[in-house]
Amino acid sequence: MSFEQWCTRWESVPLSEAAELYDIGEASDTCVEDLEDLFGEEPECFFVHQGDLTIDGPLEIGNDPGLAPDTVYVIDGDLTVNGPMRFVNADVYTPLYVTGSVTAQHLMCLTDSNLFIGGSLTIGGLLMTELSDMGMLVVHGAASAGAWLETWDRGEVVFAGDLKARRLRVSEGHYLEDADADDAADILFPEFLGGDNEDVANKLWAAALEGRPVLRQ
């Protein structure tokens with residue numbers, strides 16, 4: 001689902017104004033030095049949703065090349081998803097910046113997704129990151145999840161504070177080198193393991209959509 005489809009209240013804010021209101025360099029913890037790094041050129045505007053946004057049910061967002069104009073999407077407030085959330089970009093680096101906090105049942109940040117969170121991140125179940133070199137997840141506030149599964153030693157994952165979550169891996173990942181990371185097989189149900197990382201992600205998302213548990217109690 002493209003960004004325009006899941007929220008119809010985007011306001012187009014000219015770049016000159018938006019760049020001052022929403023500093024993407026700061027939001028990305030300086031991972032993004034210039035918007036041209038993401039788009040090849042400066043976007044014409046930011047698309048902004050003013051105020052808190054609540055989504056009832058699952059939320060799957062992302063863009064493929066050519067589906068939407070090169071821009072930055074901002075929720076100026078909190079994002080609450082009453083269900084699982086998955087963010088997947090493919091060969092395009094459209095960022096979502098939530099100035100407030102993000103709450104969801106599960107959260108999957110995959111491939112080229114860029115998610116910047118100015119407040120806290122609260123995930124009741126599984127947080128999964130599988131990011132390419134241009135993928136980013138940055139959380140400036142407190143962060144908590146039932147478990148964090150990191151499956152790819154690429155991209156940027158930044159928690160400004162401590163992440164309160166059981167940390168899992170199916171392979172070595174540099175985000176977890178200095179932490180006590182458990183074998184995912186001890187926490188995830190066996191049906192989700194095996195195959196490549198994309199297969200694991202797809203199985204977990206299918207279970208989340210069906211309301212099936214993904215973590216052992």
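In strand β15 (residues 143-150), A147 is the bridge partner of L126; strands here are DSSP E runs of at least two residues, helices are H or I runs of at least four, and both are numbered from the N terminus. The model is predicted: local features need pLDDT of at least 70, side-chain atom pairs count only at pLDDT 80 or more, and totals for chains, interfaces and linings use all residues. Residues are numbered from 1 along each chain as its sequence is written, and side-chain values use heavy atoms, with hydrogens and water left out.

Strand β13 (residues 126-131) pairs with β15 in the parallel sense over 4 bridges, where pairing requires that DSSP find at least two bridges between two strands. A147 also stands opposite R166 in β17, and 6 bridges join β15 to this parallel strand, residues 163-169. Strand β12 (residues 121-123) runs parallel to β15 as well, joined by 2 bridges, with L121 opposite A143.

Of the 8 residues of β15, 6 are buried, so the strand is largely enclosed by the rest of the structure. Buried means under 20% relative accessible area, exposed over 50%, and partly exposed in between (1.4 Å probe, protein chains only).

The largest nonpolar core has 37 residues, and L121 is one of those touching the most other members. Strand β15 gives the most to this core, with 3 residues. Such a core is a set of buried Ala, Val, Leu, Ile, Met, Phe, Trp, Tyr and Cys residues joined through side-chain atoms within 4.5 Å.

By contrast, E44 is exposed, with a relative accessible area of 74%, and lies in the loop between α4 (36-39) and β2 (45-50).
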